[in-house]
Amino acid sequence: MSVLDAPDKATGLQLQRAPLSCLADLAPHRAEWLGLLAQIPTALPFQTPEWCWAWWQTFAVQSRFRRDHLSLMLLREQGRLVGLWPLVRSLSGWGPLVLISQWRPLGADPNLTELRTPLVLPGYEAAVARYWLDLVERQPGMHQVILPSDVLGQELARRSGLVRLGQREVPNYVLQPGSDWPAFKTGLKRNIKESLRRCYNSLAREGLSPQLEVLSDPAALREQLPEFYRLHGLRADQADTIAHPDYFESAQHRRFIDGLLDQAGEGAALGVRLFVLRVSGQAVAMRLAFQTRQELYLYYSGYEPAWGRFSVMTTLVSELIQWAQAQGLSTVNLSVGRDVSKTRWGPQERLFGDHYLAGAGPINRFLMRALVRRRGLSAGYLTAEQAAQQALEDAQAEAAEASLLPPQSAQRAA
């Protein structure tokens with residue numbers, strides 16, 4: 001293990017880096033990792049050691065032109081672990097000649113790892129941001145940093161010398177449904193209440209009723225995964241709804257899910273669940289999900305198009321929320337991305353900033369800028385100039401909207 005910083009005398013904080021080249025290298029850190037997870041009941045599935053190792057085994061590249069190196073970044077306060085994040089350094093070039101160095105949180109894949117943010121005890125987010133950006137300023141290359149938007153924005157504002165290559169904001173939606181379904185349903189907006197009424201009534205009118213099946217045993221899950229992949233592919237083929245790519249068309253992506261199941265078992269921090277909605281014994285909708293101590297994270301789904309007129313996906317979400325309540329889980333994470341299928345449930349929105357930054361050295365910064373201009377970044381990222389323009393337009397739109405509202409006193413009188 002390498003120590004990147006001497007302990008801060010004022011705070012006792014220290015950043016360490018533990019290189020991981022095989023599963024045996026992870027073993028000394030597993031108990032401490034699980035101990036940190038135990039203090040964060042609503043941790044994300046992407047923050048577990050099971051996800052980390054399954055991902056590394058599936059997606060790490062060791063080729064003639066690129067070599068990936070995995071490290072575990074550990075932030076400690078007087079020896080106690082308060083923050084952790086797996087970081088992948090990708091070296092691209094020819095043999096020993098390195099042309100491009102990229103530092104990214106583990107999970108650079110086609111949207112399988114939906115949120116790649118550190119596992120941090122509450123109150124230490126700003127410290128993680130500070131130490132992570134210190135690392136960016138010391139190491140050449142291109143760095144990707146993902147943290148809660150407010151925390152990352154405040155720390156970036158203090159570092160005017162950092163070169164921002166691209167950025168985006170990732171919204172995440174979380175429900176706290178409580179333990180009572182009727183009480184939760186009463187607090188929902190009228191449109192989703194009406195949708196739920198139609199879902200169940202449309203089935204009842206034809207003498208049908210839905211049954212929820214929950215699979216958690218790895219063997220049972222493996223048996224049903226081909227059907228899940230089929231339904232997921234059918235959903236992706238639908239042209240009259242929100243676009244949903246087929247994320248499991250790739251054999252590599254299916255191997256990754258198999259890898260997660262290999263990691264599941266006694267003592268695992270991550271539970272894999274497959275929710276199956278059946279009508280008259282037929283599986284009409286499925287949703288893959290992940291369970292940590294107190295959170296159920298809703299992942300990808302699929303359904304039979306012929307049952308779409310019954311809104312079976314809405315019924316399935318309703319049923320699994322009730323299942324989560326019965327299990328005593330405190331949150332249901334509706335996943336990332338801003339769309340009506342999530343927002344209509346009235347969830348809390350959490351925003352994460354995803355920034356690409358140029359590392360140390362003027363030559364490196366020039367080269368990274370040139371690389372981004374030539375090759376661009378993934379869809380959805382804005383350059384610093386575009387982000388500034390968007391912020392200005394948003395502020396102008398808010399000001400214009402505010403000017404159309406009646407004064408507060410008039411609103412209260414109304």
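**Exercise 1. Overall dimensions and surface**

How many Å² does the accessible surface of the chain come to, and what percentage belongs to carbon and sulfur atoms?

*Solution.* The model is a predicted one. The accessible surface of the chain is about 19800 Å², and carbon and sulfur atoms hold 51% of that area. Of the 414 residues, 49% count as buried. The C-alpha trace spans about 70 × 65 × 45 Å along its principal axes. For 414 residues, a compact globule would have a radius of gyration near 22 Å; the chain has 23 Å, so the value agrees with the globule rule.

**Exercise 2. The span of helix H8**

**Exercise 3. The surroundings of H8**

Identify the buried residues of H8 and the elements against which they pack.

*Solution.* Step 1: the buried residues of H8 are His-253, Phe-256, Ile-257, Gly-259, Leu-260 and Leu-261. Step 2: these buried residues pack against H2, helix H7 (218–236), strand S10 (271–279), strand S11 (282–291) and S12. Step 3: beyond its neighbours within four places in sequence, Phe-256 is in contact with Trp-51, Ala-54, Trp-55, Thr-58, Phe-59 and Leu-112.

**Exercise 4. The largest nonpolar core**

State which residues of the largest nonpolar core touch the most other members, and which helix supplies the largest share.

*Solution.* Step 1: the core has 80 residues, and Trp-51, Phe-228, Phe-248, Phe-256, Ile-257 and Tyr-299 touch the most other members. Step 2: helix H3 (residues 125–138) contributes the largest share, eight residues. Step 3: another core of 31 residues lies apart from this one and includes Ile-192, Val-284, Val-332 and Leu-334.

**Exercise 5. An aromatic pair**

Classify the pair formed by Phe-46 and Tyr-297 as stacked, tilted or edge-to-face.

*Solution.* Step 1: the chain has 20 aromatic pairs. Step 2: in the pair of Phe-46 and Tyr-297, the centres are 5.0 Å apart and the planes make an angle of 85°. Step 3: planes over 60 degrees apart count as edge-to-face, and the pair is therefore edge-to-face. Step 4: Phe-46 lies in the loop between helix H1 (23–38) and helix H2 (49–59), while Tyr-297 lies in strand S12 (residues 295–303), 251 residues apart. Step 5: buried means under 20% relative accessible area; Phe-46, at 8%, is therefore buried, and so is Tyr-297, at 0%.

Notes:
Residues numbered from 1 in each chain as written. Predicted model: local features only at pLDDT ≥ 70, side-chain atom pairs only at ≥ 80, totals over all residues. Heavy atoms only, no water. Core = buried A, V, L, I, M, F, W, Y, C linked by side-chain atoms within 4.5 Å. Buried < 20%, exposed > 50% of the residue type's maximum accessible area, 1.4 Å probe, protein only. Helix = DSSP H or I, 4+ residues; strand = E, 2+ residues; numbered from the N terminus. Contact = heavy atoms within 4.5 Å. Phe/Tyr/Trp six-rings, centres within 6.5 Å; stacked < 30°, edge-to-face > 60°. Rg over C-alpha atoms; globule rule 2.2 N^0.38 Å. Areas by Shrake-Rupley, 256 points an atom, 1.4 Å probe, with all protein chains shown as cover.
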